[in-house]
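Please look over the fold below before reading on.

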Amino acid sequence: MESSILESIGQEIIGVMSPVSLCMLLVVLLVYSLSDSNPFSSSSAPIRTAANLVYLENPSDTTAQKLEGALLNALVFVILIAIVTFVLVLLYYYNFTNFLKNYMRFSAFFVLGTMGGSIFLSIIQHFSIPIDSITCFLLLFNYTIVGVLSMFSGGMPIVLRQGYMVSLGIIVATWFTKLPEWTTWVLLVALALYDLVAVLAPGGPLKLLVELASSRDEELPALVYEARPTVSHNEGNPRSTLGLLVAGVSDSGSVELQVVSNNNVRRDGAENHRSPEYTAIQVRNLENVEGERNRDEGERSPLVGHSRERYSSDSNSSEYSTVIHNRESETSVDEEMSPLVDLLGMDNEREHERRDSVVASKGIKLGLGDFVFYSVLVGRAAMYDLMTVYACYLAIISGLGCTLILLSVCHRALPALPISITLGVIFYFLTRLLMEPFVVGMATNLMMF
């Protein structure tokens, strides 16, 4: 019996929601802690960034001026992001992979060293931490170098890489909370709409990037958080360890005979009659067995033709050695036991099984921008009241859970911002305009404790 969606991706959902919740929590704590310190105080003068190039919000401006200026800022910022994303797609299309990797290394170094260093100095000043400049510089330098190495070098623990990804999101989100209020809310809605178009629309830059990376079987040239699955989907499956000798055609076109361990099948002592594993397996020539009928089918099936060409190239020998490895899923065992002639149907089943297990094999990946803008929304809500923080947090987590469930159903890349940002913005204004006045009024009149 097939398990439900929640049972199959439950560990992955927890693996994504936990760092998102941690990122939002730390951003809220930083906003509260540095509320009286520069450069993150909402009462200080607003800074000029790429998100407010056109209009710099002034408290004395009217509501219409603030809304118009916020719309212009959001439009310019989204256009800049779209241009940069298309440029990255073009560079990746023409195989400028090394340039993209170096660019991401420099970006991570800049964010950790300068923006993170500014936050670090603000924390030292706010809490009056006794530390000298040399020690502070060494700590910041080591933190930055280790972060760049852990995110872009192999052999590093996955926990360290995940931790630095979360810290990058915290640093960028804390800086984004410096934006004026109207610009922040309009910008969040505009980015949710852009994410929806860029990922799902034909010709969208993120859609093109994902398809190009999938066609090359490479990792995305971007800063993404990967939640590795901790529990295999075939765990506890009694048929996943059957001791069977199976035959089939692999994706590369080579014919394989494979041995799967049979510890669960031969528990009654039948191992004495037959060895459970084989160190070498030999196959006879397929051309003498299949004959002219299979040659005609090989012309129609590219997989059969390719495998026959590989056999005919070594026609001087009558036996061939193949790779032996263990299958870990029931579906793969059933597919490899199918006849060698029925290759088109087997290939379609293998492709469907590969799409169904993409979450389990590679884990769920969440872009760093999703961490940033989730935390920006909660950080902006923290500047008003804790009640809005709770409402926005629950809305974002609910939207992320809906997105992950849709991901397991659709088997394709989906935008993570639209549902969560929409729910978060709606819950913020409902809580601020309706729930908070109602609760405060009831409490002040001693009608609710």
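Which residue in S6 is the bridge partner of Val224? The partner is Gly367. This is a predicted model, in which local features need pLDDT of at least 70, side-chain atom pairs count only at pLDDT 80 or more, and totals for chains, interfaces and linings use all residues. Residues are numbered from 1 along each chain as its sequence is written, and side-chain values use heavy atoms, with hydrogens and water left out.

**Overall make-up**

The protein has 15 helices and 6 strands. Helices (H or I, at least four residues) and strands (E, at least two) are DSSP runs, numbered from the N terminus. Of the 449 residues, 41% are buried. Buried means under 20% relative accessible area, exposed over 50%, and partly exposed in between (1.4 Å probe, protein chains only). Take the contacts between residues at least 6 apart in sequence: 73% join residues at least 24 apart. A contact means heavy atoms within 4.5 Å.

**The strand pair**

Strand S1 (residues 224-227) and S6 run antiparallel, joined by 4 bridges. Two strands pair if DSSP finds at least two bridges between them. Strand S6 (residues 364-367) has two faces. Ile364 and Leu366 form the covered face. Lys365 and Gly367 form the uncovered one.

**The helix pair**

Helix H13 (residues 368-382) and helix H14 (residues 386-410) have axes that come within 8 Å and cross at roughly 165 degrees. H13 is therefore roughly antiparallel to H14 (angles over 145 degrees count as such). From H13, the contact uses Tyr374, Leu377, Val378, Ala381 and Ala382. From H14, it uses Thr388, Val389, Cys392, Ile396 and Leu400. By class, this contact has 9 nonpolar, 1 polar and no charged residues. Ala, Val, Leu, Ile, Met, Phe, Trp, Tyr, Cys and Pro count as nonpolar, Asp, Glu, Lys and Arg as charged, and the others, Gly among them, as polar.

**Two single residues**

Thr403 sits in helix H14. Leu53 lies in the loop between helix H1 (5-33) and helix H2 (63-93). The contacts in the table leave out residues up to four places away in sequence.

| Residue | Relative accessibility | Class | Contacts |
|---|---|---|---|
| Leu53 | 43% | partly exposed | Arg48, Asn73, Val76 and Leu80 |

Leu53 and Val76 are 23 residues apart in sequence. In space they are 7.7 Å apart, C-alpha to C-alpha.

Definitions and conventions
Axes are lines fitted to C-alpha atoms, for helices over the stretch in contact, and angles run from 0 to 180 degrees between N-to-C directions. Angles under 35 degrees count as roughly parallel, over 145 as roughly antiparallel, 65 to 115 as roughly perpendicular and the rest as oblique.
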